[in-house]
Amino acid sequence: SFEIPAGKLTAFVGGSGSGKSTAIQLLLGLLTPQRGRVLVDGKALDSIGLERYWAQTSAVFQDSLLFHGTIAENIKTGCLGATNQEIAHAAFAAGLSDWIASLPLGAETIVSADSCSGGQRQRLAIARAIYGMPKYVVMDEPNSNLDEVGEAILVQALQFIKSHGATVIITTHRPRLVGAVEKLLVMREGGQVGFGPADEMLNAV
């Protein structure tokens, strides 16, 4: 049992198979708990309604979905009334600006899963999550396809999202991201072995 603080950055850490992704799916309402409850702002998730909850939530998964369309269309998916400035802002926060600037058609370049690297797909997914400035942002292993430079950009993106008041939850088995985190949930073999301030929990990782 644990309580994720609103407006903070919380990380779930642990090795492969520790239960991080399962916990994320429970928080997103993609799985229903067999026992216990998931509460959001003090209300049971099943009483809120998933459509309403998902409208306030962005998620980035390990295998990022990329649509066959322009870079701009991929970023603004789910909120098509975006302005060019808003798209550029999200792209900059996700570290995509230099790549987009190098393309002849910029953000109007057509992309697909085959034409982008794993890191580019991941950054596009992160830009998509940033764009709508949702209330909740959930990222499952967002650095799985990122190198050291990409991880540094990811930390900046996480700080950017948090500065706008969002509650951010990430999972990672690479503790390098933990320095940006305020709360840490340590998991092992499907169970919780520690939860608290990140600096206190690091020894349990």
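Predicted model: local features only at pLDDT ≥ 70, side-chain atom pairs only at ≥ 80, totals over all residues.
## Ground rules

A salt bridge here is a side-chain nitrogen of Lys or Arg within 4 Å of a carboxyl oxygen of Asp or Glu.

Residues are numbered from 1 along each chain as its sequence is written, and side-chain values use heavy atoms, with hydrogens and water left out.

## The overall picture

Let us start with the whole protein. Its secondary structure comes to 9 helices and 10 strands; helices (H or I, at least four residues) and strands (E, at least two) are DSSP runs, numbered from the N terminus. The radius of gyration is 17 Å, close to the 17 Å that the globule rule gives for 205 residues, so the protein is as compact as a globular protein of that length. That radius is taken over C-alpha atoms, and the globule rule is 2.2 Å times the number of residues to the power 0.38. Along the principal axes, the C-alpha atoms fill a box of roughly 50 × 35 × 30 Å.

How much of the protein is buried? Of its 205 residues, 47% count as buried, where buried means under 20% relative accessible area, exposed over 50%, and partly exposed in between (1.4 Å probe, protein chains only). The accessible surface comes to about 10800 Å², and 51% of this belongs to carbon and sulfur atoms; the areas come from the Shrake-Rupley method with a 1.4 Å probe, and for residues only the protein chains shown count as cover. Among contacts with a separation of 6 or more, 69% are between residues 24 or more positions apart, a contact being heavy atoms within 4.5 Å.

## A cluster of rings

The structure holds 3 aromatic pairs. Rings of Phe, Tyr and Trp (its six-membered ring) pair if their centres lie within 6.5 Å; planes under 30 degrees apart count as stacked, over 60 as edge-to-face and the rest as tilted. Phe2 and Phe12 have ring centres 5.7 Å apart and planes at 80°, so their pair is edge-to-face. Phe2 sits in the segment before strand 1 (9–13) and Phe12 in strand 1, so this pair ties together parts that are 10 residues apart in sequence. Phe2 is partly exposed at 32% relative accessibility, while Phe12 is buried at 0%.

Phe2 also pairs with Phe195, and here the arrangement is tilted, with 5.4 Å centre to centre and 45° between the planes. This pair links distant parts of the chain: Phe2 in the segment before strand 1 and Phe195 in strand 10 (residues 191–197), 193 residues apart. Phe195 is partly exposed, with a relative accessible area of 23%. Ring pairs join Phe2, Phe12 and Phe195 into a cluster.

## Charged partners

Which residues form a network of salt bridges? They are Lys8, Lys162 and Glu182. Lys8 lies in the segment before strand 1 and Glu182 in the loop between strand 8 (167–172) and strand 9, so the pair ties together parts that are 174 residues apart in sequence. Lys8 is partly exposed at 36%, and Glu182 is partly exposed at 29%.

Another salt bridge joins Glu141 and Lys20, whose closest N and O atoms are 3.8 Å apart. Glu141 is in the loop between strand 7 (136–140) and helix 8 (148–163), and Lys20 is in helix 1 (residues 20–28), 121 residues apart. Both Glu141 and Lys20 are buried.

Lys135 lies in the loop between helix 7 (118–131) and strand 7, and Asp41 in the loop between strand 2 and strand 3, 94 residues apart. Lys135 counts as partly exposed at 40% relative accessibility, whereas Asp41 is exposed at 55%.

Most residues other than glycine have a negative phi. Asp41, however, has a positive phi near 55°. Glu189 has a positive phi too, of about 50°, although it is not a glycine. Glu189 is found in the loop between strand 9 (183–188) and strand 10, and at 75% relative accessibility this residue counts as exposed.
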